[in-house]
Amino acid sequence: MVQEKKQLITMKGTKDGLTLFIEDSCSFEQAIQELGRKMKESRPTQHEPIVSVRVKLGHRYLNDEQLERLKQTICEENRFTIHSIESDVVLREEARLWQANSEIKAMNRIVRSGQILHVTGDLLLIGDVNPGGKVTATGNIYILGNLRGIAHAGVDGDIKAFIAASFMNPSQLRIADYISRAPDYESDGVYMECGLVDEEKDKIIIDRLQVLSHKRKEINRFERRMQNG
Amino acid sequence: MGEAIVITSGKGGVGKTTTTANIGTALALMEKKVCLIDTDIGLRNLDVVMGLENRIIYDIVDVIEERCKLKQALIKDKRFDYLSVLPAAQTSDKSSVTTEGMLRIITELKQEYDYIIIDCPAGIEQGFQNAIAGADKAIVVTTPEKSSVRDADRIIGLLEKEDMVEPPRLVINRIRNHMMKSGDMLDIDDVLQILSVDLIGIVIDDEEVIKASNKGEPVAFKPNTKASIAYRNIARRILGETVPLQNLDTEKGMMQKVKKFFGMRV
Ligand SMILES: Nc1ncnc2c1ncn2[C@@H]1O[C@H](COP(=O)(O)OP(=O)(O)OP(=O)(O)O)[C@@H](O)[C@H]1O
Ligand SMILES: [Mg+2]
């Protein structure tokens, strides 16, 4: 039979565990039944270690309910754990969100005292942020001008986000949940610097722009998403 | 058709009323027809600075509530035929002044006067909204202090959202040269760097200003004090003349630096 020829489930052992390829041209029901059978055959016994599984769905998109069934089928009797489930397909709305989050929004204005400028994605501001003004972005913030107010990058919690400015003399820098504020004495400010979270020191540090080339290699948020899922 | 210019600052006490009185006087000296409007309801004092308080019969609220005609409420200046003041109400409820009422008054005044100068109350509440409602242009007054500059910045941000014919211009008032030099006060450059607007004038801190206001004779009348020259220069710039900034001291190079602020080629 034609169907028998085509393997619905392909298993590949790697040093990290097991990779499961689920054929994407058959129905979900077919695939899940076949998967159940195969998993049963190859399930490690109680005496063997638990195996980690990577699932590759190809061009198949699973809704939440299907995803749950897939997980149950694999994890039955707790001899497998799921490391990841990857699909080459994203929903249109998801893709839009990704795009919005990874775009650079260029703005050309002065953010004055009492004003707040927020963007989804990265912010490129050509102009100053004055004392009492505030800029926020879900991504990075680039300021071609003087930063004298507050800048908050990664507002949704991205601690890899950073803030770069031609002239840095902020009253506060915030990245995700981290806050650093200017000293109480008058400070002069610095040219061409950036603020980013140093995870070892667990705080925001300010450094020369050049450090970004090795501390934040994936400056493009879209690529970062593609790599990290 | 005349032009309405609002004088505003955000912070109180930085010199809005003084600037209004003096710009008005200086423009009148240049034979322009000028009407000053005090919109600081409840705290009127433009009439005092102009020395006209005894002549008030009606005020701006009477006009808005149609208890009198606009012409009846205008007080003619003692010194010029074509300088008038529309006084604020001292007692009435602030809420009787509306943006529509202001627009109506200003539209009518523009038929007769070349310049309508509007003295704005401090703050950013309804009084501010009323004062800027009918204005074609705005002049922001600040002193060289951080808090004053911060409020000026806030005001400029709000003014930029209005559709005026040009961006607001700046007067830096009460400059003390020695303090600027010693770094105890922001200097002109510092202020302009933050506010990024065009400067229309600088006025030194001068006792003559206070004395003149007390006498009800704006300092702009005086022929040659530094402050009176400063106000007359502002008036000339309003008329479109290119006038270099006053030399605050005799130090060479100051003019050079100062010309830059007007975007003039040296
Ligand atoms: N250049 C100057 N030199 C010296 N004194 C000045 C100068 N400008 C203003 N003053 C003084 O400062 C005080 C406040 O000025 P003024 O009343 O014009 O401020 P204002 O902004 O209108 O205040 P308010 O917000 O209360 O309306 C007055 O006593 C005035 O005489
Ligand atoms: Mg006043």
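This is a predicted model: local features need pLDDT of at least 70, side-chain atom pairs count only at pLDDT 80 or more; totals for chains, interfaces and linings use all residues.

Biologist: In which sense do strand 7 and strand 8 of chain B pair, and over how many bridges?

Modeller: Strands of a sheet pair through backbone hydrogen bonds, in either a parallel or an antiparallel sense. Two strands count as paired if DSSP finds at least two bridges between them; helices (H or I, at least four residues) and strands (E, at least two) are DSSP runs, numbered from the N terminus. Here strand 7 (residues 169-175) and strand 8 of chain B are parallel, over five bridges, with B:Ile175 opposite B:Ile204 in strand 8 of chain B. Residues are numbered from 1 along each chain as its sequence is written, chains are lettered from A and ligands numbered from 1 in the order written, and side-chain values use heavy atoms, without hydrogens and water.

Biologist: What is the strand order of the sheet in chain B?

Modeller: The order is 3-4-2-5-1-6-7-8, an open sheet of eight strands with mixed pairing. Strand 3 (75-76) and strand 8 (198-204) of chain B each have a single partner strand, so each has one side without a neighbour in the sheet.

Biologist: Which strands of chain B does helix 11 of chain B touch?

Modeller: Contact means heavy atoms within 4.5 Å. By that rule, helix 11 (residues 226-238) of chain B packs on the sheet against strands 1, 5, 6, 7 and 8 of chain B.

Biologist: How much area do chain B and chain A bury between them?

Modeller: Buried area is the accessible area (1.4 Å probe) that two parts lose on being put together, summed over both. For chain B and chain A the value is about 990 Å², 37% of it on carbon and sulfur atoms. In chain B, B:Arg150, B:Asp153 and B:Ile194 lose the most area to chain A, together 44% of what that side buries.

Biologist: How many salt bridges are there between chain B and chain A?

Modeller: A salt bridge places a side-chain nitrogen of Lys or Arg within 4 Å of a carboxyl oxygen of Asp or Glu. The count is two; one of them joins the side chains of A:Arg112 and B:Asp153 (2.8 Å, N to O). Helix 7 (146-160) and helix 9 (188-195) of chain B are the elements giving two or more residues to the side of chain B that touches chain A.

Methods:
Axes are lines fitted to C-alpha atoms, for helices over the stretch in contact, and angles run from 0 to 180 degrees between N-to-C directions.
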